[in-house]
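Let's take a friendly walk through this model together. Have the sequence and the 3D view open as you read.

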Amino acid sequence: MTDGSLITKVSEATAKDVDLAVAAAQKAVDTTWGLNAPGTLRAELLNKLANLMVQHKGELSAIEALDNGKTFGWAHDTDVTFAIDVIKYYAGWADKITGQTLETDERKLTYTRHEPIGVVGQILPWNFPPLATGNAIVLKSSEFTPLTSLRMAALAHEAGFPPGVLNVLTGYGNTVGAAIAAHPHIEKVAFTGSTLVGRKVMEAAARSNLKEVTLELGGKSPNVVFDDADLEQAVNWSAHGIFWNHGQACTAGSRIFVQAGIYDEFLKRFTERARAIKLGDPFAAGTDQGPQVSQIQYDRIMDYIASGKKAGATVHLGGDRFGTEGYFINPTIFTDTTPDMRIVQEEIFGPVGVVIKFEDEEDVIKQANDTMYGLAAAVFSKDLNRALKTAHKLRAGTAWVNCINQLHANVPFGGYKQSGIGRELGEYALHHYTHVKAVHVNFDHKM
Amino acid sequence: MLRSVLPIFKSVRNYTMAQPVIVNIPAINKQITVPTGLFINNEFVASVDSKDLIHAVNPATEDVICSVVAASPKDIDLAVAAARNAFRTTWGKNVTGFERSKLIHKLADLIERDAQELSELEALNNGKPSRIARDFDIGDSVQCLRYYAGWADKIIGQTLEVDNKTKLAFTRHDPIGVCVYRGTIPSTCGSRVYVQDTVYDKFIILLVSKVKAQVIGDGLDEKSGGGPVVSKGQYDKVWGYIEAGKQEGAKAILGGAKRSGKGFFVEPTIFTEIRPEMKIVKEEIFGPVLSVGRFSTEDEAIALANDTSYGLGAGLHSNDANQCMRVSSALEAGTIWVNQYNILNNNVPFGGKKQSGIGRELGSYALDEYTSIKAVHWNFGEKLDWPL
């Protein structure tokens, strides 16, 4: 990966393999899982899986770093740690799925049940809410990073999940992904990825069996820095916002709006931060940024950089490859852009930030919302009144005030507009993985 | 006067740690080391000023196992001060729900690890069969801890719309502070059974044969299905009720005679021909004494059942679903069991109506008893002119 070489080969699943997985999942739902497995059992298994992940934390982080390119430190301290926190959080929900009893008429009993959906398809996301609520999963991992999911599958087996509850298929989007999205016996699909592919998933879902769809898609999240921000902090958070994980984050604060009064000083310090990022081997201690995840991604990012240059934007920093081996791209800052440029409108998914000067609140809110995306937004200001007013006006599913890219297992996350449908994390996520059934029991109403 | 006493603690008292005790259990050829003392600030300490002792007695043999100190009001003050100090510094809002969750899980794991030993101590001191202590009392406690560990990071307040342009209002569900918990055993005993006259005779025959089949003996004996009552005080109280039952004219069709030999054993006792005003029908006995009455109509059964100042649990058995719904609706108790009895689940609230209690344990409802709601009204946009 670091040098572009092959780690190993995995099988490529086909539509027929998806059929097998769905059949296995359905069998589990009908016999050992679904309504046959009480919440306490689901809680126990998820807790066991979490404990196994803790035991194998180093190993999982190494596989992630190897396969994905992110630094081992980040994989270990952030990604895998967070995944463990999320499993434990949902393990706690598993035996707390409550419906309601509703007052209608003294001669009746009326109540709701929140039942598992059944077989759900997960294209990419590692989602624990479906397991917590009793669903069986057919999961397709990323074709760029298939290894962690396979290791997780083995751990899930060891934790004691019955056969068919979790099925993991490695494969490509246009075969396995498409088969899942269009499958007549999958009742819900969750997809994490680009808006382009998300649209295809939703179309396939509609055309097949109208399966429910949740989508976590792209973003071009605005990061708004006002004159009265704590400058040093705003600079640090902004660097984190775009350069974390080599810019490969759907929430990347990739459009950085800086108010005129502090623009020059901000740009100066922000550039210093970007320059200080150390690129190198993800396993080496001290490396801040590893390679991009694949050749395809590398090419796309470089293409965006070229388009920015061609359109007349200024390359304030970077804009080129790092070294001669591996998919490394130097932290890049563009200035002097116009709103219609591709680097301003489209999701780059790399360490490329655009810094834009603005005059006042009205101006920046308009510019910030001028996007088809709506995943996240950040606002920096020491005047909390101003920060909150702005945050409330930004059309995004998450608004960060004086911070950026902070996720918690118990706080919902998801997009407005073409950034997605539905919410992950928190209690809200459970709603996407249960069906509500209302039961009316008559005992004394004579007809 | 509640203030942080820790710096003062060590200098004004003769501070001696209370010593652990080695408890011998010959029945299973085992020795268990048990700490003694008052557990304050993660230490087992001697009482400030109390010389009174509580003797832990084995109700199967009437022997004293060991003695522990009976705390005094001054000890309570110390404990409360320690709790308040912790709440202000290392607990309360200083700790996240995630951290609380981890700790509670850890505690559950440790209790599970030591379940066998804990159940043997329970059997020794309480009388109940050790396997019941292990699989039910301790087993259920472990599950309950894990259930609430799962809630610790899910204490959710609300955001409330007041004026979208200028205001933010929300609630926080804050911890209360120091709570005093006096642990006793709640009683849901189905101590009154009312049987419809059409099945009365058959029911009595079956009931007597089932109850006779249970072996009452030493809790550490694998064969025992039940043990002695917990103490001499209880033993005397229960026999008092049995004598009262006989004197007031109820008929003991099972039990009613004392066992010879050591141990606070009470044979399961069944009274019939009861009347509502009898002591055994009105008062909580807290022993293996059942009063069986009869009724003809549903309304009569409901009236008999509700004729009490208590209201903790109630049960009904019927194959008629409509009847189940009507009767469960009419019974005045915090928990109604339909076609079962005495089953508790961690996620289902439990508590009494009428004089059986206030508040609910278990389930999400229990959280309401331990949080205090604070509403925050935050103005970020309204400018106020004065005078209005």
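## The model and its annotated domain

Please keep in mind that this is a predicted model. For chain B, an unreviewed UniProt entry places the feature "domain: Aldehyde dehydrogenase" at residues 50-180 and 188-376.

The two annotated spans can be described in turn.

## Where chain A meets chain B

How many residues of each chain are in contact? On chain A there are 20, and they touch 19 residues of chain B. The size of an interface is often given as the accessible area lost when the parts come together. Here, chain A and chain B bury about 1,700 Å² between them, and 65% of that area is on carbon and sulfur atoms.

As for polar links, four residue pairs are in polar contact between chain A and chain B, both residues being at pLDDT 80 or more. The count of salt bridges between the two chains is zero.

## The chain A side

Which helices of chain A each supply at least two residues to the side that touches chain B? They are α4 (72-93) and α14 (384-393). The largest share, five residues, comes from α14(A).

By residue type, the side of chain A that touches chain B divides into seven nonpolar, six polar and seven charged residues.

Technical notes
Residues numbered from 1 in each chain as written. Chains lettered and ligands numbered in written order. Predicted model: local features only at pLDDT ≥ 70, side-chain atom pairs only at ≥ 80, totals over all residues. Heavy atoms only, no water. UniProt positions renumbered as here; feature names shortened; annotations may be inferred. Contact = heavy atoms within 4.5 Å. Buried area = accessible area lost by both parts, 1.4 Å probe. Salt bridge = Lys/Arg side-chain N within 4 Å of Asp/Glu carboxyl O. Polar contact = N/O pair within 3.5 Å; in protein donor to acceptor, adjacent residues only side chain to side chain. Helix = DSSP H or I, 4+ residues; strand = E, 2+ residues; numbered from the N terminus. Nonpolar A, V, L, I, M, F, W, Y, C, P; charged D, E, K, R; others polar.
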